[in-house]
Amino acid sequence: MATYTNPVFLAATTEDHFEKSMKVRITVFVDEQKYPLYTEVDDEYNDKSYVWLVQCDKTLENGQVEHDVPVGTVRLITVSETVGKLGRLAVISEARGLSLGKKLVQTVVKDAADRGMTAIVIHAQYDKQGFYERLGFAVEKGDEQTFLEDGTPHIRMWHRGVGKN
């Protein structure tokens with residue numbers, strides 16, 4: 001089994017970064033979670049988002065090392081001057097357990113604060129609620145009801161006071 005080391009977190013600024021980010025999203029959301037491809041490639045926010053990518057060194061069983069392998073991504077959409085929306089957090093299954101998702105979310109929260117945002121909203125897959133709660137997100141009064149996005153139960157969660165930690 002391959003191992004992943006030396007994670008590097010990048011703000012996606014080049015076409016190569018965006019292509020690698022999309023590759024991770026397709027691997028996780030289309031191949032693994034069985035969402036239709038169009039939900040990723042035809043997304044209206046693809047060109048309106050701040051995107052981050054995490055790349056690692058991948059050591060194969062034979063000892064060969066591949067560098068700059070894309071393993072995770074996340075994006076932030078500006079909703080207003082003070083509110084951002086976190087979305088499309090994805091880490092390939094082989095690289096899970098390395099806290100990369102947690103670090104990607106923390107990166108977005110810091111960047112949102114640097115941009116003057118004070119809150120971040122997320123439409124979290126319902127079964128991921130606990131993950132986001134551990135990172136400071138909460139379901140607020142009036143948002144307790146789950147809803148379907150692309151056929152999957154989601155719940156609205158908020159991270160208020162961004163930048164005050």
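Select Arg156 to start: this residue lies in strand S7. Strands (E, at least two residues) and helices (H or I, at least four residues) are DSSP runs, numbered from the N terminus. This is a predicted model, in which local features need pLDDT of at least 70 and side-chain atom pairs count only at pLDDT 80 or more, while totals for chains, interfaces and linings use all residues. Residues are numbered from 1 along each chain as its sequence is written, and side-chain values use heavy atoms, with hydrogens and water left out.

**Stop 1: around strand S7**

Stay on Arg156. Its relative accessible area is 28%, so Arg156 counts as partly exposed. That label covers values between buried (under 20% relative accessible area) and exposed (over 50%), with a 1.4 Å probe and protein chains only. Arg156 and Ala138 are 18 residues apart along the chain, and their C-alpha atoms are separated by 8.5 Å.

Next, select Glu140, which is found in the loop between H4 and S6. Glu140 is partly exposed because its relative accessibility is 25%.

Keep Glu140 and show the side chain of Arg160. Which kind of contact do the side chains of Glu140 and Arg160 form? They meet in a salt bridge, at 2.7 Å from N to O. The pair links distant parts of the chain, since Glu140 is in the loop between H4 and strand S6 (147–149) and Arg160 is in strand S7 (residues 152–160), 20 residues apart. Arg160 has 46% relative accessibility and so counts as partly exposed.

**Stop 2: more salt bridges**

A salt bridge here is a side-chain nitrogen of Lys or Arg within 4 Å of a carboxyl oxygen of Asp or Glu. Side chains of opposite charge can pair when their charged atoms come close. How many salt bridges does the structure hold? There are nine.

Select Glu40 and Arg25. Their side chains form a salt bridge of 2.6 Å, N to O. Glu40 lies in helix H2 and Arg25 in helix H1, so this pair ties together parts that are 15 residues apart in sequence. Are these two buried or exposed? Glu40 is buried, at 2% relative accessible area, and Arg25 is buried as well, at 5%.

Move to Arg96 and Glu32. The closest N and O atoms of this salt bridge are 2.9 Å apart. Arg96 sits in the loop between S4 and H3 and Glu32 in helix H1, so the pair ties together parts that are 64 residues apart in sequence. Arg96 counts as partly exposed at 41% relative accessibility, and Glu32 is partly exposed at 37%.

**Stop 3: a surface patch**

Select Leu37, Tyr38 and Val41. Together they make a nonpolar surface patch of about 290 Å². Patches are made of residues with over 30% relative accessible area and no salt bridge; like charges are joined within 9 Å, and nonpolar side chains (Val, Leu, Ile, Met, Phe, Trp, Tyr) within 5 Å. The areas come from the Shrake-Rupley method with a 1.4 Å probe, and for residues only the protein chains shown count as cover. Val41 lies in helix H2, and its relative accessible area of 39% makes it partly exposed.

**Stop 4: two backbone angles**

Select Asn6, found in strand S1 (residues 3–11). Its phi is near 55 degrees, a positive value in a residue other than glycine. Then go to Lys34, in the loop between H1 and H2. Lys34 is not a glycine either, yet has a positive phi of about 70 degrees. With a relative accessible area of 65%, Lys34 is exposed.

**Stop 5: the largest pocket**

Finish by selecting Phe29, Arg88, Leu89, Gln125 and Tyr132. Of the 37 residues that line the largest pocket, these lie nearest its centre. A pocket is found on a 1 Å grid over the protein atoms alone, as an open set of points where a 1.4 Å probe fits, with protein on both sides within 12 Å along at least five of seven lines; lining residues have an atom within 4 Å of a point. The volume of the largest pocket is about 830 Å³. Which element gives the largest share of the lining? Strand S4 does, with seven residues.

How values were computed. Grid points are joined across faces, edges and corners, and a volume is the space filled by probe spheres set on the points.
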